[in-house]
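Work through the exercises below with the sequence and coordinates open. Each task is followed by a solution in steps.

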Amino acid sequence: DSAGGGGAARVAPVEASSGAFELTEVPPGKYTASLPGKADWCWESPEVAVELTDHDVRGVSLRQKGYLMQYSLSHEDIPVEVLPLQPSEGATPTMHTLHSLQGSLCLPHATGARVTPKGCLAFAQPSYVFDPEHPIVLQLLARKGRLTGKIDLPQPTPPDAEGIRVGV
């Protein structure tokens with residue numbers, strides 16, 4: 001991506017096994033190295049500022065840290081447990097809270113993950129599978145919830161209070 005270096009943006013293929021890339025014949029100037037087309041991956045930094053002067057620049061590094069799981073919720077602040085689909089020995093689930101009705105969460109699991117909602121809401125499914133090779137927006141829709149409360153009774157408690165029931 002050019003920021004004063006002159007000309008249109010240049011794009012180079014990345015060698016899949018090593019992650020190496022090379023852009024040649026780039027005029028001097030200030031640029032931003034970025035990864036167009038990888039919006040479903042998450043990065044430590046999705047772009048790096050680079051300035052070319054009279055010598056080559058080496059060692060530009062863009063580090064992937066995971067895969068973006070997009071979600072849509074029926075309620076805010078849903079706690080979820082995440083476990084890799086192919087967990088290593090001793091792997092433990094991680095807990096996250098999905099705060100907004102629509103958003104994304106960066107998951108480091110290349111093999112995918114099982115996402116299990118926790119808490120008092122019952123969902124359409126007991127758990128959901130995130131597959132980074134075929135990402136879709138996970139729809140976590142609560143079907144049932146729990147209603148709790150308290151009835152304030154005068155003191156001393158009326159003798160027939162034992163038979164009180166609350167319904168909806």
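**Exercise 1.** Determine the handedness of the disulfide between Cys 42 and Cys 106 from its S-S torsion.

Solution. The torsion about the S-S bond of Cys 42 and Cys 106 is about 75 degrees, so this disulfide is right-handed. The two ends lie in distant parts of the chain: Cys 42 belongs to strand S2 (residues 41-43) and Cys 106 to strand S7 (residues 102-107), 64 residues apart. The model is predicted; in it the S to S distance of this pair is 1.8 Å, and a pair counts as a disulfide within 2.5 Å. The structure holds 1 disulfide.

**Exercise 2.** Classify Cys 42, Cys 106 and Cys 120 as buried, partly exposed or exposed.

Solution. Buried means under 20% relative accessible area and exposed means over 50%, with partly exposed in between.
- Cys 42 has a relative accessible area of 6%, so Cys 42 is buried.
- Cys 106 reaches 27% and is therefore partly exposed.
- Cys 120, at 41%, is partly exposed.

**Exercise 3.** Describe the two faces of strand S5 (residues 78-84) and find the strands that pair with S5.

Solution. In a regular strand, side chains alternate between the two faces of the sheet. In S5, the covered face carries Ile 78, Val 80, Val 82 and Pro 84, while Pro 79, Glu 81 and Leu 83 make up the uncovered face. Next, take the partners. S5 runs antiparallel to strand S6 (residues 94-98), joined by 5 bridges; Val 82 has Thr 94 as its bridge partner there. Strand S8 (residues 113-117) also pairs with S5 in the antiparallel sense, over 5 bridges, and Glu 81 stands opposite Thr 116.

Key:
Residues are numbered from 1 along each chain as its sequence is written. This is a predicted model: local features need pLDDT of at least 70, side-chain atom pairs count only at pLDDT 80 or more; totals for chains, interfaces and linings use all residues. Side-chain values use heavy atoms; hydrogens and water are left out. Helices (H or I, at least four residues) and strands (E, at least two) are DSSP runs, numbered from the N terminus. Buried means under 20% relative accessible area, exposed over 50%, partly exposed in between (1.4 Å probe, protein chains only). Two strands pair if DSSP finds at least two bridges between them.
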